[in-house]
Amino acid sequence: QLQLVESGGGLVQPGGSLRLACAASGFTLVDDAIAWFRQAPGKEREGVACITSANSGGRTNYADSVKGRFTISRDNAKNTVYLQMQRLLSEDTAIYSCAATGGETYGCAYNAMSFYGTWGSWGQGTQVTVSS
């Protein structure tokens with residue numbers, strides 16, 4: 001069974017840090033691009049970070065709202081992709097989900113609040129709450 005499982009969410013104070021993990025089972029992530037998305041109550045889903053497949057060089061791209069604060073990385077040996085989040089803001093509060101695609105992403109091109117690609121495999125999400 002192909003599955004993505006997110007972990008690492010929780011409650012953190014503004015200015016704090018969290019590291020989310022997206023672990024795959026049933027398939028290997030090395031050949032897929034992986035993206036992190038988030039959705040806050042009453043808001044549209046937003047792509048926040050993307051990394052291309054290892055064969056495509058592991059290039060990264062970010063939404064402007066998180067650029068310089070979030071870092072996406074992959075550990076192919078652990079079949080896991082991470083999202084390191086720093087200097088968190090209250091507006092970062094959302095459910096964070098990861099998704100995978102083996103198709104074209106044009107280097108994780110960003111358009112209309114998402115990353116280009118057909119994101120066919122999704123995790124269940126992990127809640128991140130930034131509050132004092």
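**View 1. Ser-7 faces Ala-21 of β3.** Strands here are DSSP runs of E with at least two residues, numbered from the N terminus, and two of them pair if DSSP finds at least two bridges between them. The model is predicted: local features need pLDDT of at least 70, side-chain atom pairs count only at pLDDT 80 or more, and totals for chains, interfaces and linings use all residues. Residues are numbered from 1 along each chain as its sequence is written, and side-chain values use heavy atoms, with hydrogens and water left out.

**View 2. β3 meets β8 through six antiparallel bridges.** Look for Arg-19, whose bridge partner in β8 is Gln-84.

**View 3. Four strands form an open sheet in the order β1-β3-β8-β7.** The pairing is antiparallel. At the edges lie β1 (3-7) and β7, each pairing on one side only. On average, neighbouring strands of this sheet are turned by 15° against each other, direction ignored (axes are lines fitted to C-alpha atoms, and angles run from 0 to 180 degrees between N-to-C directions).

**View 4. The largest nonpolar core holds 29 residues.** Such a core is a set of buried Ala, Val, Leu, Ile, Met, Phe, Trp, Tyr and Cys residues joined through side-chain atoms within 4.5 Å; buried means under 20% relative accessible area with a 1.4 Å probe, protein chains only. Trp-36, Leu-83, Met-85 and Tyr-96 have the most contacts inside this core. Strands supplying at least two residues each include β3 (18-25), β8 (80-85) and β9 (94-101).

**View 5. Another core, of eight residues, lies apart from the largest one.** Among its members are Phe-37, Ala-99, Cys-108 and Trp-119.

Notes:
Buried < 20%, exposed > 50% of the residue type's maximum accessible area, 1.4 Å probe, protein only.
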